[in-house]
Amino acid sequence: MLNAFAEELSDPDEYVVVRLTLADTQFRLGRLSEPARQEALTMLDAGGDLERWEEAGAAEVRRRAAVLQRLRARLESPQPEPRPVRVRLPKPARTVPGRVYAYRARSGQPYLIRVVGTADVGCSTGPVVRFLDHPGPGLPDAAHLAEIPERRYHPSWKRTEVIIADDGVAAREHAGLILVGEHAHTPPPPSPNGRTVSTWTQLCAYVETRDNLAPTGN
């Protein structure tokens, strides 16, 4: 965890705050190592982070000093028995690359959305989707999905990859999506327009605001 925030922790003031907070949390969980306890006590001997509180005034410095004194008392007392720590594992995406869904706009125009991969979003993994270039008005046969190219040029927003944050059968049904089919495909190169995060419902609502029946061209 500390390695992930190495740049922020290069600031000595931030380092002290993080290490003291981490030591306190580990102590309460009964999982504080002796080297970490000694490091925290050494920081407290040096004044902890009181210097950064001086601009707030003498009263705030006294309050912070009292907090640090209580922390010292905890760290010098016997540590409680280790408590279990629940690990939150990322939830996998519920759909898989290669599947193609359809959303029919109020105009009657169907929009095909293909899952091209997965990406981390929060504490889960969501599908990454792109739009296909299908003129409609009907839906294609599932056997011909591999022949449909991606939407290009017009309008440009349809080239953006979208990470879906709420993937699930109920979320897709609520948004009005239906599964057309799936086919094996080679992961495409990254979209030149980057990525954005959305829910299925938000994505379909946005389609309605940009609904355009004009062909995209090549």
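Is Arg-114 buried or exposed? Arg-114 is buried, with a relative accessible area of 9%. Buried means under 20% relative accessible area, exposed over 50%, and partly exposed in between, with a 1.4 Å probe and protein chains only.

This is a predicted model, where local features need pLDDT of at least 70, side-chain atom pairs count only at pLDDT 80 or more, and totals for chains, interfaces and linings use all residues. Residues are numbered from 1 along each chain as its sequence is written, and side-chain values use heavy atoms, leaving out hydrogens and water.

**Salt bridges**
- The structure holds 15 salt bridges (a side-chain nitrogen of Lys or Arg within 4 Å of a carboxyl oxygen of Asp or Glu).
- Arg-19 and Glu-39 form one of them, at 3.1 Å from N to O.
- This pair links distant parts of the chain: Arg-19 sits in helix α1 (residues 12–28) and Glu-39 in helix α2, 20 residues apart.
- Arg-19 counts as buried at 15% relative accessibility, while Glu-39 counts as partly exposed at 25%.

**A linked network**
- Salt bridges link Arg-114, Arg-130, Glu-150 and Glu-161 in a network.
- Glu-150 meets Arg-114 at 3.2 Å, N to O.
- Arg-130 pairs with Glu-161, with the closest N and O atoms 2.5 Å apart.
- Arg-130 lies in strand β3 and Glu-161 in strand β4, so this pair ties together parts 31 residues apart in sequence.
- Arg-130 is buried, at 6%, and Glu-161 is buried too, at 4%.

**Surface**
- Glu-54 is found in the loop between α2 (34–45) and α3 (58–75).
- Glu-54 counts as exposed, at 53% relative accessibility.

Key: Helix = DSSP H or I, 4+ residues; strand = E, 2+ residues; numbered from the N terminus.
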